[in-house]
Amino acid sequence: MKKRIMVITQDIGDEYTQKIKALAPDWELIVGKEKDVWAPYANKAEIIAGWKKDLEELSLREYSELRWIQAWSAGVNTMPLEKLASKEIALTSANGVHAYPISETIIGLMLGLTRKIHTYVKNQQEKKWHHAHMNLEMHGKTIGIIGVGEIGKETAKIAKAFGMRVLGVRNSGKETDNVDNMFTPEELHHVLPECDYVVITLPLTPHTFQMFGEKEFRLMKKSSFIINIGRGEIVKEDELVEALQTGELAGAGLDVFVKEPLEETSPLWEMENVIITPHTSGSTEHYTKRVIENIFLPNLMDYLEGKQPPINLVDYSKGY
């Protein structure tokens, strides 16, 4: 009898390898980050955990065995969603894995910009003792969280520790803990003028593509800061640069960009009112543990019983 094949394109360690083998002892399990480890099995795999760009050509052939993909990231916009949908391949994301590390980065960027930590680090390197006209604080201010999923909810909880007023925007408009008022995307323009901080935690979809541009920046307070940890394409980058240069916005904390790595010619690198992180907001020492224990293993148990994997199952019609 032909063995069913499961491929994991990550180095997950022996502990988790053994846990997976215990659940699926009759399967052939291929584990490893290097392409030469998993590539020969890509077109024969029924389950793939950890999507790689090369897998589209290798695993989505006419007679592919593939039935389920566990993405290693929360965002799935770079994956061939239409092709996966047409082949009725289940896709689950790593949504929720990033709630703690990304919310910490969001608050770190907000604090850094507010208390000018980035400016003081530069001054320290130059042995320069200068006040830098720092006079703002976060307590009591209003934060608008655009996209209240797991990351947004964790950010709202932390914001409440600073006594902040929290406004949220989500498709359902459904209320949740620590958000004072919830709105739908159609009400975004009513929310922006209220905010001292606008935090973008959205996935990239046809509906969120270039959602923020000159019009949205003009609606925001000139004293407000924008934080983007979603996807670069959600923001019209040239118009953001202009808004930062002209004082339409006070500053920005940016982890994502239209083109990554951010080109050396981008004006954003030189701006005193911008903090740049290289798409690392989701990095954490607990990443593998959370993907495997919280998402993959529970989903695998259902899959082996003939059920659709339920946790973070992507709705292809929505793109997330």
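The legends below describe close-up views of a predicted model.

View 1. Five strands form an open sheet in the order β2-β1-β3-β4-β5, and their pairing is parallel. The edges of this sheet are formed by β2 (28-31) and β5 (90-92), each of which pairs on one side only, and the twist from one strand to the next averages 10°. Within the sheet, β1 (residues 5-8) and β3 (residues 47-49) are joined in the parallel sense over three bridges, and Met6 has Ile47 of β3 as its bridge partner.

**View 2. Helices α1 and α11 against the strands of the five-stranded sheet.** Helix α1 lies across β1 and β2 and runs at about 160° to β2. Helix α11 lies across β1, β3, β4 (68-70) and β5, and its direction makes an angle of about 165° with β4.

**View 3. The packing of helix α1 on helix α11.** Two packed helices are described by the angle between their axes and by the distance between those axes. For α1 (residues 13-23) and α11 (residues 287-304), the angle is about 10° and the axes are 11 Å apart. An angle under 35 degrees counts as roughly parallel, and α1 and α11 are therefore roughly parallel to each other. On the α1 side the contact is made by Glu15, Tyr16, Lys19, Ile20 and Leu23, while α11 contributes Thr288, Lys289, Ile292, Glu293, Phe296, Leu297, Leu300, Met301 and Leu304.

View 4. Asn299 is part of helix α11, and it counts as buried because its relative accessibility is 0%. When neighbours within four places in sequence are left aside, the residues in contact with Asn299 are Trp68, Gln70, Thr92, Pro309, Pro310 and Ile311.

**View 5. Thr284 in the loop that leads from β12 to α11.** Thr284 is located in the loop between β12 and α11, and its relative accessibility of 24% is why it counts as partly exposed. If residues up to four places away in sequence are not counted, Thr284 touches Pro101 and Arg290. Val256 is 28 residues from Thr284 along the chain, and the C-alpha atoms of these two residues are separated by 17 Å.

**View 6. The buried and exposed residues of helix α6.** In α6 (residues 117-125), the residues His118, Thr119 and Asn123 are buried. Seen down the helix axis, the buried residues of α6 fall within an arc of 140°, so they line one face of the helix. Gln124 and Gln125, on the other side of α6, are exposed. The elements that cover the buried residues of α6 include α5 (99-114) and β12 (274-276).

View 7. Lys116, which is not a glycine, has a positive phi of about 55° and lies in the loop between α5 and α6. Its relative accessible area is 25%, and Lys116 is therefore partly exposed. After α6 comes Lys127, whose phi is also positive, near 55°. His133 is found in the loop between α6 and β6 (142-146), and although this residue is not a glycine, it has a positive phi of about 55°. Because the relative accessibility of His133 is 65%, it counts as exposed.

View 8. Seven strands form an open sheet with parallel pairing, in the order β8-β7-β6-β9-β10-β11-β12. The edge strands, each pairing on one side only, are β8 (181-183) and β12, and the twist averages 15° from one strand to the next. Strand β9 (residues 197-200) is paired with strand β10 (residues 225-228) in the parallel sense over four bridges, and in β10 the bridge partner of Val198 is Ile226. Helix α7 (residues 150-161) lies across β6 and β7 (165-169), and runs at about 175° to β6.

**View 9. The cis peptide bond at Pro261.** The peptide bond that leads from Glu260 to Pro261 is cis, with an omega near 0°. Pro261 is placed in the loop between β11 (251-254) and β12.

How values were computed. Residues are numbered from 1 along each chain as its sequence is written. This is a predicted model: local features need pLDDT of at least 70, side-chain atom pairs count only at pLDDT 80 or more; totals for chains, interfaces and linings use all residues. Side-chain values use heavy atoms; hydrogens and water are left out. Axes are lines fitted to C-alpha atoms, for helices over the stretch in contact, and angles run from 0 to 180 degrees between N-to-C directions. Helices (H or I, at least four residues) and strands (E, at least two) are DSSP runs, numbered from the N terminus. Angles under 35 degrees count as roughly parallel, over 145 as roughly antiparallel, 65 to 115 as roughly perpendicular and the rest as oblique. Contact means heavy atoms within 4.5 Å. Buried means under 20% relative accessible area, exposed over 50%, partly exposed in between (1.4 Å probe, protein chains only). The arc is that of the directions from the helix axis to the C-beta atoms. Two strands pair if DSSP finds at least two bridges between them.
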